[in-house]
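Colleague: Please take one part of this model and go through it closely. I would like the aromatic rings, in short steps.

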Amino acid sequence: MNFGLIKNISVMILILAMTGCTTEVRNKNAESATEVVGLPANQVCMINDAYMGKDQIPVPVGDKVYYGCCEGCVDKLTNLVETRYAIDPLTGQRVDKANAFIVRNPKGGSVWYFASKENYLEFTNKKTANSI
């Protein structure tokens, strides 16, 4: 019996098994890296339309909660209905900031409000296609 041949075959099987495992791990990592997560609404000043990186002052209005960075923003969110809405960049439709999928605008410090995560994904796919 040729032990050298058996050893070589065993090593090849081991290498193939390890390669398959790392490919699966890489694919799982790639999937999780591409998962889209919106900004936490409670860290966005909904008057300045800015991600603040820390909890803001909650402003309950009816059964919804908006967030402001100071008493002036709290006052506006409480008393001015139009401050509670934004325009979805994909559809041009009015979006309630309390229910929106919120992301950073990549070209500035502001945030964008989308009616849904799906709208955001479609918007980014269109932007990518248009830039090619």
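Modeller: Here is a walk through the aromatic rings. This is a predicted model, where local features need pLDDT of at least 70, side-chain atom pairs count only at pLDDT 80 or more, and totals for chains, interfaces and linings use all residues. Residues are numbered from 1 along each chain as its sequence is written, and side-chain values use heavy atoms, with hydrogens and water left out.

The protein chain has three helices and eight strands. Helices (H or I, at least four residues) and strands (E, at least two) are DSSP runs, numbered from the N terminus.

Searching the whole structure gives five aromatic pairs. Rings of Phe, Tyr and Trp (its six-membered ring) pair if their centres lie within 6.5 Å; planes under 30 degrees apart count as stacked, over 60 as edge-to-face and the rest as tilted. Take tryptophan 112 and phenylalanine 123: their ring centres are 5.2 Å apart and their planes stand at 85°, so this pair is edge-to-face. The pair links distant parts of the chain. Tryptophan 112 is in strand S8 (residues 111-114), and phenylalanine 123 is in helix H3 (residues 117-131), 11 residues apart.

Now stay with phenylalanine 123. Its relative accessible area is 12%, so phenylalanine 123 is buried. Buried means under 20% relative accessible area, exposed over 50%, partly exposed in between (1.4 Å probe, protein chains only). Phenylalanine 123 also pairs with phenylalanine 114: centres 5.4 Å apart, planes at 55°, so this pair is tilted. Phenylalanine 114 is buried too.

One aromatic cluster is formed by Phe101, Trp112, Phe114, Tyr120 and Phe123.
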